[in-house]
Amino acid sequence: MQQETDEIDLLELFAVIWAGKLTIVIFSVIAVFCASVFLHIADRKYSVSMIFKPVLEESSGVNLSGLGGLAGLAGISIPSATGSDIAVFQELFSSDEVAQVVFANTDLMSRLFKGEWDSENGMFTEPKRSTSSKLRSKLKVLLTGTNNVYAEPNPTRLRQFLVDSVTQSIDQNTGFISFSAQTSSPELIVELVSEAISTTDAFIKNRFIISSEATLAFYTQKLNTARSREHREALAKLMASEEQKLMLASAGSNYVIGPVKLPEISAYPTSPKPGLVLALAFVLGVFSGVGTILIFSAIRNHRTFLNA
């Protein structure tokens, strides 16, 4: 008996939905039309991929494994090389220090923030806001109580742009580090990321050179005061090793990471996906139509019950 009641309820539900099939069609057409309008006005975004590899191990050419004993003999300690330089590089890439240097490239910044660049006066200015933008701002203030004051492009905004737009990842098998992004201006992003990478690499490289020069000065001081022959020989070898590392660091164009291959830009837009957008719009239209039919059917049944 219960099974027959369930079947009757399902049949009645299907009959109600079938009777309102025109409503479902209308909602579906409206949803697909809205999705089509969105696809026509949305920015086409391309995928950008840049792959780099660590170059410290390759360029050093110095085996420090046998110098630990010499350092102990000389009464000093030497730092051991680790993969921390890559972690430092990743952190420094999206830092204020790097952003300040990159932001000094006016030509690049004027193209990155082109909507706020006044070419006549050679400065950034607040763009004119449309009526809809003003209404959204007033609505936001009404709902949240916060009013965002315009801030012209600066190193802080550039740093946040790098954090939000560029994704960093490390391949655990190869150790390669990749920088990827989805953007409507792929060539501009490649130029920006390349500039930030070279600036970050130069920062770490200069820090190493300063540290290495200080280390050589320390070894020289120790050598001048060393009395035993063994101490002087140990210090001489350590100094030769440090001078070799310093020479290689000063001569190389890349210190921490170097490119594996040229940047890759997708041949076709990867976002938005037309098929997925239209399919989701159609499904949303169908469910909206069904929901509308059921709501009005429930309202009619309730009124009929009250009038009975």
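User: How far apart are the end C-alpha atoms of helix 2?
Analyst: In this predicted model, helix 2 runs over residues 21–41 and holds 21 residues. At 1.5 Å a residue these should span 30 Å, and the separation of the end C-alpha atoms agrees with that, being 31 Å.

User: Which residues of helix 2 are buried, and where around the axis do they lie?
Analyst: The buried residues of helix 2 are Ile24, Ser28, Ala31, Ala35 and Leu39. Because they cover an arc of only 80 degrees around the axis, they lie on the same side of helix 2. An α-helix has 3.6 residues a turn, so residues three or four places apart point the same way. The face turned away from the buried side carries the exposed residues Leu22, Val29, Phe33, His40 and Ile41, whereas the buried set is Ile24, Ser28, Ala31, Ala35 and Leu39, on one side of helix 2.

User: Which element gives the most to the largest nonpolar core?
Analyst: This core has 34 residues, of which Met109, Phe179, Leu192 and Ile257 touch the most other members. Several elements each supply at least two of its residues, including strand 1 (46–54), helix 9 (155–165) and strand 5 (177–183). The element giving the most, with 8 residues, is helix 10.

User: Which residues lining the second largest pocket are the closest to its centre?
Analyst: About 390 Å³ of space lies in this pocket, and helix 7, helix 9, strand 5 and helix 10 are the elements that give two or more residues to its lining. Of the 18 lining residues, the closest to the centre are Leu112, Phe161, Thr183, Ser184 and Ser185.

Note on methods
Residues are numbered from 1 along each chain as its sequence is written. This is a predicted model: local features need pLDDT of at least 70, side-chain atom pairs count only at pLDDT 80 or more; totals for chains, interfaces and linings use all residues. Side-chain values use heavy atoms; hydrogens and water are left out. Helices (H or I, at least four residues) and strands (E, at least two) are DSSP runs, numbered from the N terminus. The expected span of a helix is 1.5 Å times one less than its number of residues. Buried means under 20% relative accessible area, exposed over 50%, partly exposed in between (1.4 Å probe, protein chains only). The arc is that of the directions from the helix axis to the C-beta atoms. A nonpolar core is a set of buried Ala, Val, Leu, Ile, Met, Phe, Trp, Tyr and Cys residues joined through side-chain atoms within 4.5 Å. On a 1 Å grid over the protein atoms alone, a cavity is a set of points where a 1.4 Å probe fits but cannot get out, and a pocket is an open set with protein on both sides within 12 Å along at least five of seven lines; lining residues have an atom within 4 Å of a point. Grid points are joined across faces, edges and corners, and a volume is the space filled by probe spheres set on the points.
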